Amino acid sequence: MGRAVIRALQEDPRFDLEIVKARRDKQRSFSDVAITTSKDEVISLGLDCVVVTPSAAAVFKGLDDDVIDLLESGTNVVATAAYHNPWMQNWASGGRASARRLLEACKAGAATLHGTGVHPSYMVERLVLTMCQSLDSVSHIRFVEAANFQGAPGDMWGGLGAMGFGVDIDEIGPQHPVAAGGDLYYGDVIGNVARELFDADPAEVRVERSYRGIPAEQDVVIGNETIRRGTAGAVHLVHRGYLGDHHFFTNEECWYLRDAVTFRGDDLPFGGFTTSASYTIEITGEPANLRSQLEFQPTLKGRDAITNGSVRAVLAAIPAVCAAEPGILVDDSAPSYRLISADD
Ligand SMILES: NC(=O)c1ccc[n+]([C@@H]2O[C@H](COP(=O)([O-])OP(=O)(O)OC[C@H]3O[C@@H](n4cnc5c(N)ncnc54)[C@H](OP(=O)(O)O)[C@@H]3O)[C@@H](O)[C@H]2O)c1
């Protein structure tokens, strides 16, 4: 994400990329832009906005402190890790800055914070909730994201083994760290849906999760890792959102290694996907159910579509975040309209 955001900012005439903060000295050479490892140097520049794209694990290693320092200094922040709905509570909340604390930092620095990406943000909060606007009422949304991890960087999310790939099926369950980490993303999505569809407070929302492995159909060697037949060649992470007894949202992540087993979800209404990043949407409502599927079909080599879509979401958000009142900005799918004149 970091690399892709840098490239996109450099190519976009709306933005001046002033500096990149790398975590380690050895990363200094990766781009033709000023690079520092010092947070203070970034803060001293008085930038309009900082884009934050650290690993998900960074939320336990000082990410909130960094974001608070930026906000208090008056720097707006767009993040891809976390902040999609800081009011949603989860197991990690006790060790993290509260929404109230983040809000204080925004107020102190007159700055704005926003979390975005393909999912959370673009897929459900924008696309699916826009689809819901064609219905009188919605009782349930099923959203299925399927992605082939075979070409992912070897160290992504701690590596394939850390995600559960190649692990005994019996050892994969809802307490798996990757499944728990999903709460920080998909729990926030559920909170956003609850607010928009049912005007529900985050405190009213209950989130449950499950995680299971799908057996590899054959042995596969990927990088330094061997995925043995019968061990997990795909994983299925499901987050369910409830308001009381009402199960209103199901988020499914189907992460697979194509050569081991292709798993894009159970009982999909259409199927026929051919690519590595696909989505299924099933909305149950009145006066109709609404179903759709979409997939990214690559046209440029070396550009991961999900990463690219997240970069587009980041760039789209920057002007809005810079123009916003101080505070925490969340997506709004309400239709917006513009006046056109005779010259348009
Ligand atoms: N909402 C969405 O749709 C969406 C989409 C894509 C990605 N994301 C999120 O965006 C983030 C970046 O994704 P990615 O694919 O680029 O992940 P990645 O490949 O794992 O890269 C993460 C980067 O974060 C750095 N990092 C690790 N710990 C850090 C810390 N404590 N403080 C600051 N930086 C730290 C890593 O540096 P080292 O190399 O030095 O370890 C690495 O360069 C992830 O949190 C991901 O979940 C969200």
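Mentor: Terms before that: two strands pair if DSSP finds at least two bridges between them. Helices (H or I, at least four residues) and strands (E, at least two) are DSSP runs, numbered from the N terminus. The model is predicted, with local features needing pLDDT of at least 70 and side-chain atom pairs counting only at pLDDT 80 or more, while totals for chains, interfaces and linings use all residues. Residues are numbered from 1 along each chain as its sequence is written, and side-chain values use heavy atoms, with hydrogens and water left out.

Trainee: Fine. In β13, what is the bridge partner of S278?

Mentor: S278 has E295 as its bridge partner in β13. Also in β13, R291 stands opposite E282.

Trainee: How many bridges join β12 to β13?

Mentor: There are 6, and the two strands run antiparallel, with β12 covering residues 277-286. A hairpin of 3 residues connects β12 to β13.

Trainee: Where does P287 lie?

Mentor: P287 is in the loop between β12 and β13. The peptide bond between E286 and P287 is cis, with omega about 5°.

Trainee: What is the strand order of the open sheet with 6 strands?

Mentor: The order is β7-β10-β11-β6-β12-β13, with mixed pairing. From one strand to the next, the twist averages 10°. Axes here are lines fitted to C-alpha atoms, for helices over the stretch in contact, and angles run from 0 to 180 degrees between N-to-C directions.

Trainee: Which strands does α5 lie across?

Mentor: Helix α5 (residues 118-132) lies across β6 (137-148), β11 (246-256), β12 and β13, and runs at about 145° to β6. Helix α8 (residues 183-198) packs on the sheet too, touching β6, β7, β10 (232-243) and β11, and makes about 145° with the direction of β11. Contact means heavy atoms within 4.5 Å.

Trainee: Back to cis bonds. Is the peptide bond from H119 to P120 cis or trans?

Mentor: It is cis, with omega near 5°. P120 has its place in helix α5.

Trainee: Now the ligand. How many residues surround it?

Mentor: The ligand is surrounded by 20 residues, the closest being M1, R23, V118, H119 and Y185. A residue is near a molecule or strand if one of its heavy atoms lies within 4 Å of it. Helix α5 gives the most to this shell, with 3 residues.

Trainee: What polar contacts are there?

Mentor: The term means a pair of N or O atoms within 3.5 Å; within protein, one must be able to donate a hydrogen and the other to accept it, and residues adjacent in sequence count only if both atoms are side-chain atoms. An N or O atom in the side chain of Y185 is 2.6 Å from an oxygen atom of the ligand. For the side chain of R23, the distance from an N or O atom to a ligand oxygen is 2.7 Å. V118 has a polar backbone atom 2.8 Å from an oxygen atom of the ligand.

Trainee: How much of the ligand does the protein bury?

Mentor: The protein buries 78% of the 920 Å² that the ligand exposes when taken alone. Accessible areas come from the Shrake-Rupley method with a 1.4 Å probe; for residues, only the protein chains shown count as cover.

Trainee: And the sheet with 4 strands, what is its order?

Mentor: That open sheet runs β3-β4-β5-β14, with parallel pairing. Its edge strands are β3 (49-52) and β14 (327-329). In β4, V77 is the bridge partner of V50.
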